[in-house]
Amino acid sequence: METEQGRRIRSRRTHQKSRLGCKTCKKRRVKCDEKKPTCTNCRQHAVICDYATESAASPRPPRRQFQFKQSRYEIQTDPQNTTDTSTQSSSPTDLSGPAPPPPLESISLADLQLFHHYVTSTASTVTDGHDRNHIWDIHVPQWSFSFPSILHLILALSALHLAHKQPATRAKYLKQADDHFTFGVRSVTTVLSSLNEDNCQFIYISAVLICLVYFGHGPRAGEFLVFSESGQAEWLVLMRGVRSILESRAAEIFSGVLTPEVLEGEACLGEELAEELERHKGRIREVQEFIRAETGDPKIREMYDSVLDSLQDTFDEVYRMRAAGKHGVSLMHLVIGWIYRLEERFVGLLEDKDPLALAVLAYWAVLLKYMQSSWLMAGWDGHVLSGIQASLAGEHRRWIQWPVECIFGTGSCNA
């Protein structure tokens with residue numbers, strides 16, 4: 001009778017050795033089917049095939065390379081749903097608890113480099129350096145392993161940051177950013193209808209990242225945040241998406257590590273900042289009086305009063321933050337918050353390029369100037385004001401002389 005040891009030996013000799021198989025299969029001691037350019041084993045394991053006969057001529061040993069596989073991110077199976085999910089990212093049940101990170105084989109070396117750059121560099125540029133809860137450098141990267149859209153969007157933001165820092169390779173990084181942005185938006189869009197207390201923070205952070213990526217791309221021709229030369233403004237659509245998320249789950253979103261930090265104490269404005277602030281508010285009051293004289297409808301006049309009063313309050317808060325040494329992205333929630341809180345009737349006037357509404361927006365654009373220390377906001381103040389100028393007739397441009405001096409002048413804004 002054949003012994004157990006004999007059967008094991010015979011089973012190892014059931015196939016002929018592959019003499020021309022790839023080096024990866026030889027190293028793993030498995031049979032290579034020698035298909036080119038990629039053998040079946042390497043294709044199934046998502047590694048680039050490297051034949052021994054080719055690598056022998058190479059002066060350096062080949063490195064194992066990993067490939068980004070779209071299906072790892074885009075396809076999730078919901079055991080309670082038998083419909084085709086080939087175009088979806090995650091089912092609602094997947095979002096209620098942490099999901100395992102994507103296998104290493106599904107991440108390319110380029111993506112790992114982007115992830116590393118985000119953690120070590122980009123994350124610090126979306127805070128004021130005093131992120132006590134470590135949201136962007138610790139929690140967001142951790143959440144990216146559970147929520148695919150966050151992963152793609154931080155990689156997109158990292159690529160844009162590298163494009164900003166390395167102009168010589170800008171085109172390469174812009175391509176990577178666009179690819180990841182597409183996957184990130186597609187992933188979060190599929191789960192918006194299942195917004196709940198378990199995933200609302202993930203979805204909110206994804207929406208914030210989408211807005212940051214938009215700013216990071218830099219100003220776009222014909223797009224001026226809240227109005228456009230043609231159609232609906234792209235950024236306005238994004239902002240409305242963030243608003244709908246917040247209106248649904250604000251209490252759950254701003255809890256835990258996302259609980260807003262409060263500026264402690266009252267920052268004392270120095271004499272120079274106090275005088276500068278009063279000049280701005282004085283100019284805003286002049287516009288307010290002008291609009292009151294130009295508007296006969298009491299309801300329209302009331303709307304403009306509310307908008308301009310809110311703008312003066314925003315200037316107060318921004319200067320308080322500046323006095324405390326905060327600038328750049330630290331002002332984002334205040335500056336963008338003013339746009340966020342505008343009533344839809346006024347936003348509609350901006351979209352229609354109403355001259356009075358655009359004049360008010362020009363005074364708001366001055367605040368963008370104080371965010372220029374952030375790479376994300378570089379050039380946005382001048383871009384928005386240029387769009388306003390181009391949309392105003394000649395006789396209306398005198399209404400925005402003060403913002404023009406502040407943004408395009410040589411210090412006359414502070415005189």
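A residue counts as buried under 20% relative accessible area, as exposed over 50%, and as partly exposed in between. In this predicted model, glycine 241 has a relative accessible area of 28%, so glycine 241 is partly exposed. Glycine 241 belongs to helix α11, which runs over residues 234-253. Tyrosine 204 sits 37 residues from glycine 241 in sequence. In space, the C-alpha atoms of glycine 241 and tyrosine 204 are 9.5 Å apart.

## Overall make-up

The protein is built with 18 helices and 0 strands. It has 415 residues, and 45% of them count as buried. Take the contacts in the protein with a separation of 6 or more: 67% of them are between residues 24 or more positions apart.

## Nonpolar cores

The largest nonpolar core holds 106 residues. Which of its residues touch the most other members? They are Trp136, Trp235 and Trp364. Helix α10, residues 200-216, gives this core its largest share, 14 residues.

Leaving out residues up to four places away in sequence, tryptophan 235 touches Cys211, Tyr214, Phe215, Leu225, Val226, Ile336 and Ile339. Another core lies apart from the largest one. This other core has 6 residues, among them Cys25, Cys32, Cys39 and Cys49.

## Cysteines

How many disulfides does the model have? The count comes to 0 disulfides. Cysteine 32 shows the reasoning: its nearest cysteine sulfur belongs to cysteine 39, at 3.9 Å. A disulfide needs the two sulfur atoms within 2.5 Å, so cysteine 32 is in no disulfide.

Is cysteine 32 buried or exposed? Its relative accessibility is 4%, so cysteine 32 counts as buried. Cysteine 200 also counts as buried, because its relative accessibility is 0%.

The whole structure contains 13 aromatic pairs. One of them joins tyrosine 304 and phenylalanine 346 edge-to-face. Their ring centres are 5.6 Å apart, with 85 degrees between the planes. Tyrosine 304 is in helix α13 (residues 298-323) and phenylalanine 346 is in helix α15 (residues 344-351), so this pair ties together parts 42 residues apart in sequence. Tyrosine 304 and phenylalanine 346 are both buried.

Tyrosine 319 and tyrosine 370 form another edge-to-face pair, at 5.7 Å centre to centre and 80 degrees between the planes. Tyrosine 319 lies in helix α13, while tyrosine 370 lies in the loop between α16 (355-368) and α17 (380-391), so the pair ties together parts 51 residues apart in sequence. Both tyrosine 319 and tyrosine 370 are buried. Arginine 322 lies over the face of each ring: at 4.8 Å from the ring centre of tyrosine 319, and at 4.0 Å from that of tyrosine 370. Elsewhere, Tyr214, Phe215, Trp235 and Trp380 make up one aromatic cluster.

## Helix α15

Phe346, Val347 and Leu350 are buried in α15. Why do they fall on the same side of α15? They cover an arc of only 100 degrees around the axis, so they share one side. An α-helix has 3.6 residues a turn, so residues three or four places apart point the same way.

What do the buried residues of α15 pack against? They pack against α11, α13 and α16. Just after α15 comes lysine 353, with a positive phi of about 60 degrees.

## Alanine 362 on helix α16

Alanine 362 is part of helix α16. Its relative accessibility is 0%, so alanine 362 counts as buried. Which residues is alanine 362 in contact with, leaving aside its neighbours within four places in sequence? They are Leu385, Ile388, Ile400 and Pro403.

Valine 404 is 42 residues from alanine 362 along the chain. The C-alpha atoms of alanine 362 and valine 404 are separated by 8.2 Å.

Definitions and conventions. Residues numbered from 1 in each chain as written. Predicted model: local features only at pLDDT ≥ 70, side-chain atom pairs only at ≥ 80, totals over all residues. Heavy atoms only, no water. Helix = DSSP H or I, 4+ residues; strand = E, 2+ residues; numbered from the N terminus. Buried < 20%, exposed > 50% of the residue type's maximum accessible area, 1.4 Å probe, protein only. Phe/Tyr/Trp six-rings, centres within 6.5 Å; stacked < 30°, edge-to-face > 60°. Lys NZ or Arg CZ within 6 Å of the ring centre and 35° of its normal. Core = buried A, V, L, I, M, F, W, Y, C linked by side-chain atoms within 4.5 Å. Contact = heavy atoms within 4.5 Å. Arc of directions from axis to C-beta.
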